[in-house]
Amino acid sequence: MEITIAHKAYGGEVLFKDFHCQISEGAFVALSGPSGIGKTSLLRILAGLEQDWTGAIAEFDRESVGYMFQEARLMPWLTALDNLTLFGATRDEAYQALDRVGLAEAAGKYPRMLSGGMQRRLALARLLLARPQWILLDEPFTSLDSHSAAICRRLIRELHQELKATVLLVTHSLDEALSLADEVLIMSGHPASISERIVLPSDSGVADSPTDLAKIKATLAVYF
Amino acid sequence: MFRDTITRAGSILFLVVLWYAVVGFFQPPLLPSPDAVVDRLLQEIDSGALWLHLSSTLRRVAIAFFLAMGVGFTLGAIMGRYRRVDQALDGLLVIALNLPALVVIILSFIWLGLTEWAAILAVVVNKTPTIAVIFREGVRSIDRSLMEVAQVYRLPATRRFLRVWLPQLYPYSLAATRSGLALVWKIVLVVELVGASDGMGFKLGEFFQFFEIDGVLAYAFTFVAIILLIEALLLRPWERQISRWRG
């Protein structure tokens, strides 16, 4: 996938000017950088939620995007189950998805009755039912209880392999990036550019090459 | 539940007792006893007059209500969605909101004659602005972030409209219906008083001329009973239905 953003401004500030970024299909890419740099804007442009930008995206299928926003964004008037069937899943499929994110008991509950972590898991169930080829995650694990975060991380790793999906994960956590991704991109500058691209050794989370990992950690630590 | 009902009914019961007491002690010439009003009511039912006038009024209320809701919803939705249209029509809306109902009624009858459609038009013109204002507010409060979810997950347009956009307006629809019904009723009676040859408003005008207070009260109670019925059978259940998720 190749994205070029010739121009994109937000609130009078130029976020992107001749920005260029390449992501190989099937990769799990972590994207980080200072707040307000345009990481969310980049995801939104990919998902087709931004109109006022110029540029082009090549080798990317917008019809097959799964997006986890910073907030859960559930329909408050629908039960957990109906929040899933709304998007075309059958009841059986929806039940299976709920079971997978550990919410089988909560099928009949409204989002208001769920904890923040459970809401996020429901949003993840929605994403997995869409079976997307492109998974865009905007800080999906921040302020999650450790139980929910663990479930979400495991599921996203499974989805990545199962669907052979390309994952773009915006995160501020170095550990998260190291344990999930196989490539880390650092965005910086005004207007933004990709200032660093580090390919992680496979299974970096398990750390079979401790020296390499230490080096990478040291390099990356500056940015997190 | 039962206690609630008792509490609710208590105030009404008190009023009836008070009424009996006042009539019993003072025998005021201008306040008939409850019994006299009930007698009159039965008489009106027997003669068929009550049903005749009530059905005319109900018909006008229903037609005017649905027309006003339809036009008001469309207008409000467009104004809430498009800033330009809102700016262009806002001044007119403020004028329409503050136009006295009686002015609209009189002009409507003068320009269109004493016809059924003039009566209904007068009510619709009176009511539409408030409904438009409610729905304009509703559309402005639509949560864009939820619409984005629908977009990202490629929800088909009709489904997006019916199941994501519209449900966000249900509370506003309920508010518009409540205030709409209450106001339409009242305006229809005035319209009938001014320029109709049947309906509750017409009949009340007749009672007024002949000082038939029991008749006025008999019709008024019928009117109140129907409002309570609509509230209990339609609006309350609907409200429960749409606010269930708030818990």
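Reader: Are Arg60(B) and Glu192(B) buried or exposed?

Author: Arg60(B) is buried, and Glu192(B) is buried as well. The word has cut-offs: buried is under 20% relative accessible area, exposed is over 50%, and partly exposed is in between, with a 1.4 Å probe and protein chains only.

Reader: Where do these numbers come from?

Author: This is a predicted model, in which local features need pLDDT of at least 70 and side-chain atom pairs count only at pLDDT 80 or more, while totals for chains, interfaces and linings use all residues. Residues are numbered from 1 along each chain as its sequence is written, chains are lettered from A and ligands numbered from 1 in the order in which they are written, and side-chain values use heavy atoms, with hydrogens and water left out.

Reader: Back to Arg60(B) and Glu192(B). What do their side chains meet in?

Author: They meet in a salt bridge, with 2.6 Å from N to O. The rule for a salt bridge is a side-chain nitrogen of Lys or Arg within 4 Å of a carboxyl oxygen of Asp or Glu. Arg60(B) sits in helix α3 (residues 49-81) of chain B and Glu192(B) in helix α9 (residues 170-195) of that chain, so distant parts of the chain, 132 residues apart, are linked. Helices (H or I, at least four residues) and strands (E, at least two) are DSSP runs, numbered from the N terminus.

Reader: How many helices and strands are in chain B?

Author: Chain B has 11 helices and 0 strands. Its C-alpha atoms fill a box of roughly 70 × 55 × 30 Å along the principal axes.

Reader: What percentage of the residues in chain B is buried?

Author: Buried residues are 39% of the 247 residues in chain B.

Reader: And which part of helix α4 pairs with helix α6 in chain B?

Author: Asp86(B) is in helix α4 (residues 83-98) and Arg136(B) in helix α6 (residues 116-140), so their pair ties together parts that are 50 residues apart in sequence. The pair is a salt bridge whose closest N and O atoms are 2.8 Å apart. Asp86(B) is buried, at a relative accessible area of 12%, and Arg136(B) counts as buried at 10%.

Reader: Changing topic. How many residues of chain B are in contact with chain A?

Author: 19 residues of chain B are in contact with 26 residues of chain A, where contact means heavy atoms within 4.5 Å. Tyr153(B), Arg154(B) and Trp245(B) supply 36% of the area that chain B buries against chain A, more than any other three residues.

Reader: What is the area buried between chain B and chain A?

Author: It is about 2,100 Å², and carbon and sulfur atoms give 61% of that. Buried area is the accessible area (1.4 Å probe) that two parts lose on being put together, summed over both.

Reader: How many salt bridges are found across that interface?

Author: The rule finds 2 across the interface of chain B and chain A. Arg44(A) and Glu148(B) make a salt bridge of 2.7 Å, N to O.

Reader: Next, which residue has a positive phi near 55°?

Author: That is Phe211(B), a residue other than glycine. Phe211(B) is in the loop between α10 (200-209) and α11 (213-243) of chain B. At 58% relative accessibility, Phe211(B) counts as exposed.

Reader: And which peptide bond is cis?

Author: The bond from His190(A) to Pro191(A) is cis, with omega near -10°. Pro191(A) lies in the loop between β8 (183-188) and β9 (193-199) of chain A.

Reader: Last one. What does Arg40(B) touch?

Author: Leaving out residues up to four places away in sequence, Arg40(B) touches Phe207(B), Glu212(B), Asp214(B), Gly215(B) and Ala218(B). Arg40(B) is in helix α2 (residues 34-47) of chain B. Arg40(B) counts as buried, at 11% relative accessibility.
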